[in-house]
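Got a protein open on your screen and wondering where to start? Let's walk through it together, one question at a time.

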Amino acid sequence: MTQTQRILVTGATGTVGRQVVAELLDRGHEVRALTRDAAKASFPAGVEVVEGDLTEPDGLAAALEGVTGLHLITFGGAAFSPLETGPRLLELARSAGVRRVTVLHGGGPTPLEDAVRADDRVDWTVLMPVEFMANALEWADGIVAAGEVREPFVDRLSAMVHEADIGAVAAVALTQEGHGGQEYVITGPEVLTVGDKVKTIAAAVGREIALIELTQQQALAQWRAEGLPEDVIGFLLEAYGNTPEVGRTVSGNVEKVTGRPARTFAQWAAEHADTFRGQS
């Protein structure tokens, strides 16, 4: 049995951070969750909540006391700008006795991830998830209001991953030997089209859902009407219109690291069925 350890989770209120917290608790570890505003944060019982900001690392010394593992994100502050504080964060972590570090890949090179990869004095692991299953929650309003999903590039392929599986891989890497210096691409167990996802949600909620394919120009108009920044729109066009091979290939790393199969989209859809029914 793995010895109980204390882990500091940054970005603990985020989609992935919450899952890292939950998985560590399930495995019997002590969790310290870092947030910039503890009054606005809500965590399960047993989580120690501490305030701090990754843009001001010298204020995190107390949060790192007694910690053996550290989960990092690459963006911080109110503006979620790329963190430049990686070297100082790692210095403080090493001084506190941190032995293992995971970093959630930010979609491209970032100063903090570069600092982590360059540190040979801690066992670091880079987590590289593909599309989150949680992204499908963006369809909930359209499904509830009109029973439809409106998307471009409906034949695009995705090996999308359940966010809880990202948390599970992180928890293992933070508490067990053998994952230092590793880069894990984290995917689900299957490759799906948009149509596959819509049919799966329809089965979970017990109603028909229409899939309406948008042209690229219609998609641009919709995204701009939603207020998306142009750089985000450019990213979506590239990701959806020319999905890289890594995003549409099952890696098998969830089972390799955790010892159990990755969760399916059908499982995720069943867990969130009430949202798609408008009941949550």
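F265, W268 and F276 form a cluster, linked up by ring pairs. Keep in mind that this is a predicted model.

Q: How many aromatic pairs does the structure hold?
A: Rings of Phe, Tyr and Trp pair if their centres lie within 6.5 Å. With that cut-off, the number of aromatic pairs in the structure is three.

Q: Are the rings of F265 and W268 stacked or edge-to-face?
A: A pair of aromatic rings is described by the distance of the centres and the angle of the planes. For F265 and W268 the centres are 5.4 Å apart and the planes are at 10°. Planes under 30 degrees apart count as stacked. So the pair of F265 and W268 is stacked.

Q: Which helix do F265 and W268 both lie in?
A: F265 and W268 are three residues apart, which is about one turn of the helix. The helix covers residues 265–271, and its name is α11.

Q: Is W268 buried or exposed?
A: Buried means under 20% relative accessible area. W268 has a relative accessible area of 0%, so W268 is buried.

Q: Which residue has its charged end over the ring of F43?
A: Look for a charged end sitting 5.4 Å from the centre of the F43 ring. That charged end belongs to R18.

Q: How many cavities of 30 Å³ or more does a search of the whole structure find, and what space lies in the largest cavity?
A: The search turns up two cavities of 30 Å³ or more. The space in the largest cavity is about 50 Å³.

Q: How many charged residues are in the lining of the largest cavity?
A: Residues lining the largest cavity include E131, W139, R156, K197 and Y240. Sorted by class, the lining has four nonpolar residues and one polar residue, and its charged residues number five.

Q: Which residue lies over the face of Y240?
A: Y240 is among the residues that line the largest cavity, and so is R156. At 3.6 Å from the ring centre, the residue over the face of Y240 is R156.

Q: How many polar residues are in the lining of the second largest cavity?
A: The second largest cavity has a volume of about 30 Å³. R100, D123 and H179 are among the residues lining it. One residue of this lining is nonpolar and three are charged, while the polar ones number five.

Q: Where do the buried residues of helix α8 fall, seen down the axis of α8?
A: Helix α8 spans residues 216–225, with A219, L220 and W223 buried. These buried residues fall within an arc of 100°, so what they line is one face of the helix. The face turned away from the buried side carries exposed residues, namely Q217 and A225.

Q: How far apart in space are V122 and S95, C-alpha to C-alpha?
A: V122 is in the loop between α4 (111–118) and β8 (123–129). With a relative accessible area of 6%, V122 is buried. V122 and S95 are 27 residues apart in sequence, and their C-alpha to C-alpha distance is 11 Å.

Q: What is the phi of F153?
A: F153 is found in the loop between β9 (148–151) and α6 (163–175). At 24% relative accessibility, F153 counts as partly exposed. F153 is not a glycine, although its phi is positive, at about 50°.

Q: Is G206 buried or exposed?
A: You'll find G206 in the loop between α7 (194–205) and β11. Exposed means over 50% relative accessible area. G206 has 68%, so G206 is exposed.

Q: How far apart in space are A210 and K197, C-alpha to C-alpha?
A: A210 lies in strand β11 (residues 210–213). A210 has a relative accessible area of 37%, so A210 is partly exposed. A210 and K197 are 13 residues apart in sequence, and their C-alpha to C-alpha distance is 12 Å.

Methods
Residues are numbered from 1 along each chain as its sequence is written. This is a predicted model: local features need pLDDT of at least 70, side-chain atom pairs count only at pLDDT 80 or more; totals for chains, interfaces and linings use all residues. Side-chain values use heavy atoms; hydrogens and water are left out. On a 1 Å grid over the protein atoms alone, a cavity is a set of points where a 1.4 Å probe fits but cannot get out, and a pocket is an open set with protein on both sides within 12 Å along at least five of seven lines; lining residues have an atom within 4 Å of a point. Grid points are joined across faces, edges and corners, and a volume is the space filled by probe spheres set on the points. Ala, Val, Leu, Ile, Met, Phe, Trp, Tyr, Cys and Pro count as nonpolar, Asp, Glu, Lys and Arg as charged, and the others, Gly among them, as polar. Rings of Phe, Tyr and Trp (its six-membered ring) pair if their centres lie within 6.5 Å; planes under 30 degrees apart count as stacked, over 60 as edge-to-face and the rest as tilted. Helices (H or I, at least four residues) and strands (E, at least two) are DSSP runs, numbered from the N terminus. Buried means under 20% relative accessible area, exposed over 50%, partly exposed in between (1.4 Å probe, protein chains only). A charge sits over a ring if NZ of Lys or CZ of Arg is within 6 Å of the ring centre and within 35 degrees of the ring normal. The arc is that of the directions from the helix axis to the C-beta atoms.
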